[in-house]
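Work through these exercises with the model open beside you. Try each task before reading its solution.

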Amino acid sequence: MNDAEYMRVALALARRGYGTTSPNPMVGALLVKQGRIIGRGWHRCAGQPHAEIEALKDAHSRGE
């Protein structure tokens with residue numbers, strides 16, 4: 001994947017938060033290591049952890 005493709009994935013993840021994140025923006029995040037996605041996350045709901053934290057948790061749950 002190239003950077004534009006990673007961005008498309010992150011934007012698709014962000015859309016999962018549609019209607020639930022206000023007043024915060026919809027955000028998607030990926031963690032990429034050596035060209036492989038090792039963590040994914042999105043801001044699910046206002047007051048909940050942001051996308052970056054969710055991506056870190058996802059990577060950790062996968063042993064990364």
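**Exercise 1. Contacts of one residue**

Leaving aside its neighbours within four places in sequence, which residues is Ile-37 in contact with?

Solution. First, some ground rules. This is a predicted model, where local features need pLDDT of at least 70 and side-chain atom pairs count only at pLDDT 80 or more, while totals for chains, interfaces and linings use all residues. Residues are numbered from 1 along each chain as its sequence is written, and side-chain values use heavy atoms, with hydrogens and water left out.

Next, apply the contact rule: heavy atoms within 4.5 Å. Ile-37 then touches Met-1, Tyr-6, Leu-30, Leu-31 and Val-32.

**Exercise 2. The hairpin**

Describe how S1 and S2 pair, then inspect the turn.

Solution. Strands pair if DSSP finds at least two bridges between them. S1 (residues 28-33) and S2 run antiparallel, with six bridges.

Move to the turn. S1 and S2 form a hairpin with two residues between them. Gln-34 sits in this loop between S1 and S2. Its phi is near 50 degrees, a positive value in a residue other than glycine. Gln-34 is exposed, at 81% relative accessible area.

**Exercise 3. Charges over a ring**

Which residues lie over the face of Trp-42, and at what distance from the ring centre?

Solution. The rule asks for NZ of Lys or CZ of Arg within 6 Å of the ring centre and within 35 degrees of the ring normal. Arg-16 meets it at 4.6 Å. Arg-44 meets it at 3.9 Å.

**Exercise 4. Salt bridges**

How many salt bridges does the structure hold? Trace the network that includes Glu-64.

Solution. A salt bridge is a side-chain nitrogen of Lys or Arg within 4 Å of a carboxyl oxygen of Asp or Glu. The structure holds four.

Step one: Glu-64 bridges to Lys-33, with the closest N and O atoms 3.6 Å apart. Glu-64 lies in the segment after helix H2 (51-61) and Lys-33 in strand S1, so the pair ties together parts that are 31 residues apart in sequence.

Step two: Glu-64 also meets Arg-36, at 2.7 Å from N to O. This pair links distant parts of the chain, with Arg-36 in S2 and Glu-64 after H2, 28 residues apart.

Step three: join the pairs. Lys-33, Arg-36 and Glu-64 are linked in a network of salt bridges. Glu-64 is partly exposed at 36%, Lys-33 at 44% and Arg-36 at 45%.

Step four: turn to another bridge. Asp-58 pairs with Arg-62, at 3.1 Å between the closest N and O atoms. Asp-58 counts as buried, at 17%, whereas Arg-62 counts as exposed, at 55%.

**Exercise 5. Loops**

Where is His-50, and which residues does a cis peptide bond join?

Solution. His-50 is in the loop between S2 and H2. Its relative accessible area is 39%, partly exposed. Beyond its neighbours within four places in sequence, His-50 is in contact with Asn-24 and His-43. His-50 and Val-27 are 23 residues apart in sequence and 7.6 Å apart in space, C-alpha to C-alpha.

For the cis bond, go to Ser-22 and Pro-23, where omega is about 15 degrees. Pro-23 belongs to the loop between H1 and S1.

How values were computed:
Helices (H or I, at least four residues) and strands (E, at least two) are DSSP runs, numbered from the N terminus. Buried means under 20% relative accessible area, exposed over 50%, partly exposed in between (1.4 Å probe, protein chains only).
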